[in-house]
Amino acid sequence: MPAVTPLGLSFDHVSHGYDIRGEVLPVLDDVSLTIAPGEFVALLGPSGCGKSTLLRLAAGLELPLRGRTEASGQPITGPGPDRILVFQEATLFPWRTVRGNVEAGPEARGELPGKAPRVDEALRLVGLENFGEAFPHQLSGGMAQRAAIARALVNDPRLLLLDEPLGKLDSLTRLNLQKDLIRLWQDRGFTALLVTHDVEEALLLADRVILFSPRPARIIEEVQVARPHPRRRDDPQLIALRSHLLAALGVLEDV
Amino acid sequence: MSDTLETGRGHYAFAESQFHLWRDGLFAAFAWGATSAVTWFLPDVIQWGATGTFAILTGIIALFFLVLAVLPRQRHATLSHYGPWFIVLGLWLLVWEVTTAKLGWLPKPFFSPPQGLLHVYLSNWDRLLICIAYTGRLWGLGFFIGISAGFLAGVGLGWSKRFAYWGMPLLKLIGPVPASAWIPCAFFIFPSTFQASVFLVALASGIPVAILTASGIAQVNRSFYDVARTLGAANRWQVTKIAIPAALPNVFVGLFMGLYYSFAVLVVAEMLGAKFGLGWYLQFNTAYSAYANVYAGLLIMALLCAGLVKLLFSIRDRLLGWQKGIL
């Protein structure tokens with residue numbers, strides 16, 4: 001697959017909330033954030049703080065109550081296949097095979113005819129070339145998440161939104177998928193926006209880590225991670241950043 | 001040799017002779033043979049048709065089991081699975097035969113011995129076949145119209161909030177109304193009694209399908225729609241490729257319920273001036289206290305229903321193969 005033209009993303013004084021029994025529960029409070037095309041940004045913050053909401057706004061699944069969201073200068077008015085969201089749960093369609101799941105995007109847009117080689121390639125990129133005919137219930141958690149990533153990649157997303165996609169995986173699978181994500185990001189050239197609550201993961205993957213306060217989420221800190229890939233967990237600079245971020249999150253390192 | 005070492009239930013293995021005795025088959029042969037002997041040798045309390053034929057038939061079946069019992073088991077794997085059933089069936093026939101025809105404890109006309117039913121099948125088969133055909137036409141039309149309409153209504157109710165707002169209370173109101181209560185209405189609305197009967201069968205089979213399809217679609221994991229929307233799917237694709245396949249397990253529960261209800265309502269539906277049909281046959285013979293015919297008709301209906309249930313199961317297993325491991 002050729003590399004894509006990455007999307008830039010900007011949130012301009014965005015506030016959002018949910019209507020719960022007539023009262024608006026504020027989730028995002030005046031968030032302004034610009035993400036350059038091709039950048040890998042990690043959003044870090046306490047769970048339930050509204051990071052995922054930011055991804056849903058970027059995907060266009062919801063529109064903000066106040067403020068503007070733009071993708072490369074165009075206002076985001078709804079979902080589109082150039083901005084694809086990968087969820088914490090793989091949410092594969094259980095009635096479709098792995099291949100059928102990967103085909104879902106092109107099929108839904110009526111672009112499936114002639115896309116078979118692209119589907120094969122997406123499966124190969126995530127290492128599932130031999131599991132195309134398997135059903136989701138036959139896959140392990142890591143394989144399911146790989147399939148979900150292939151389902152996103154086949155659409156050539158220019159912005160990949162990752163909502164804790166590795167959050168529920170065991171630590172070994174996680175390490176492998178982290179490497180795969182970096183490789184895919186480098187090869188394909190998309191912009192990546194990753195929500196995580198794992199400080200180490202954010203530092204290993206992202207160019208920039210953005211720290212959010214508890215709900216309603218505000219940006220409290222931004223950290224540039226100017227280290228080349230592949231990164232090492234025991235890199236002293238990353239360890240220093242990790243301590244800094246944990247302190248900013250109000251977490252003591254000692255257990 | 002591995003196959004001689006394994007001794008399953010009702011399965012003796014003799015290492016020297018390679019002789020496999022199917023023990024359940026032998027017992028079944030005894031049970032059916034006993035029924036045959038009792039039928040043949042003991043006198044009937046009253047005259048029943050087909051006593052001799054029944055004795056010969058059960059005797060042949062007993063011989064058949066006897067032969068199978070000494071044949072290699074691989075030759076009849078499916079049959080030997082049902083061995084215990086054959087034994088119980090044989091014993092059931094024996095008890096039935098003795099308590100009705102031979103001792104008269106269960107008297108005529110309320111009860112009929114097995115040869116009574118056999119007599120009905122032998123003497124009345126042409127009429128029964130016509131009845132099956134008529135019922136098949138009524139049931140087929142009613143059931144397929146019912147489940148199609150029920151499915152479409154269910155999809156609408158599950159998908160569209162406005163449709164559900166008006167439709168759901170209506171469905172809940174008419175759902176529990178017994179089929180017979182519709183008869184006056186159906187008579188008035190439909191130009192012919194046959195159409196009214198089809199309506200009753202359709203209603204009985206359609207309502208559970210509608211309710212379960214609607215609840216199935218309403219229960220679909222919202223994230224599936226989010227995924228579909230980010231992939232660029234339009235509403236139509238979301239309905240046909242997400243909502244419906246996700247709700248299919250529920251739809252099949254509705255179909256099974258609809259199938260049973262449709263059979264239950266056949267008798268009522270054929271009250272409406274039908275001239276043939278199994279439901280009509282049951283009522284006609286009940287009116288004449290010809291209970292042997294009633295039992296014979298009931299048995300056919302039960303077998304038809306069981307066959308259709310089996311068919312529906314195999315369709316479900318084909319369509320819902322992806323569920324294996326979940327269920």
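**Entry 1: conventions**

I am working with a predicted model, in which local features need pLDDT of at least 70, side-chain atom pairs count only at pLDDT 80 or more, and totals for chains, interfaces and linings use all residues. Residues are numbered from 1 along each chain as its sequence is written, chains are lettered from A and ligands numbered from 1 in the order in which they are written, and side-chain values use heavy atoms, with hydrogens and water left out.

**Entry 2: the annotated segments of chain B**

I checked the record for chain B. The unreviewed UniProt entry places "transmembrane region" at residues 21-42, 48-71, 83-105, 138-158, 170-190, 196-221, 242-268 and 288-313 of chain B. UniProt positions are given in the numbering used here, feature names are shortened, and annotations may be inferred rather than shown by experiment.

I then looked at two of these stretches, taking helices (H or I, at least four residues) and strands (E, at least two) as DSSP runs numbered from the N terminus. Residues 48-71 of chain B are 83% helix and 0% strand, with 37 Å between the end C-alpha atoms. For residues 288-313 of chain B I noted 88% helix, 0% strand and an end-to-end C-alpha distance of 38 Å.

**Entry 3: where the chains meet**

Next I went through the polar side of the contact. There are 7 residue pairs in polar contact between chain A and chain B, both residues at pLDDT 80 or more. A polar contact is a pair of N or O atoms within 3.5 Å; within protein, one must be able to donate a hydrogen and the other to accept it, and residues adjacent in sequence count only if both atoms are side-chain atoms.

**Entry 4: salt bridges across and within**

I counted a salt bridge when a side-chain nitrogen of Lys or Arg lies within 4 Å of a carboxyl oxygen of Asp or Glu. A:Glu107 and B:Lys241 meet in one, at 2.8 Å from N to O. I also saw that A:Arg56, A:Glu62, B:Asp226 and B:Arg229 are linked in a network of salt bridges.

Within chain A, A:Arg174 pairs with A:Asp198, the closest N and O atoms being 2.9 Å apart. This pair links distant parts of the chain, 24 residues apart: A:Arg174 is in helix α5 (residues 171-188) of chain A, and A:Asp198 is in the loop between β8 (191-196) and α6 (199-205) of chain A. A:Arg174 is buried, at 13% relative accessible area, where buried means under 20%, exposed over 50% and partly exposed in between (1.4 Å probe, protein chains only).

A:Arg83 and A:Asp82 form another salt bridge, at 3.7 Å from N to O. A:Arg83 is buried at 8% relative accessibility, whereas A:Asp82 is partly exposed at 25%.

Helix α1 (residues 51-59) of chain A is mostly covered, with 7 of its 9 residues buried. A:Gly60 follows α1(A) and has a positive phi, near 85 degrees.

A:Arg99 sits in helix α2 of chain A and is buried, at 18% relative accessible area. Its C-alpha atom is separated by 7.3 Å from that of A:Val119, 20 residues apart along the chain.

Most residues other than glycine have a negative phi, and most peptide bonds are trans. Which residues did I flag? A:Ser72 has a positive phi of about 45 degrees, lies in the loop between β4 (66-71) and β5 (74-75) of chain A, and is partly exposed at 40%. B:Ala50 has a positive phi of about 65 degrees and is buried at 15%. A cis peptide bond joins A:His229 and A:Pro230, with omega about -5 degrees.
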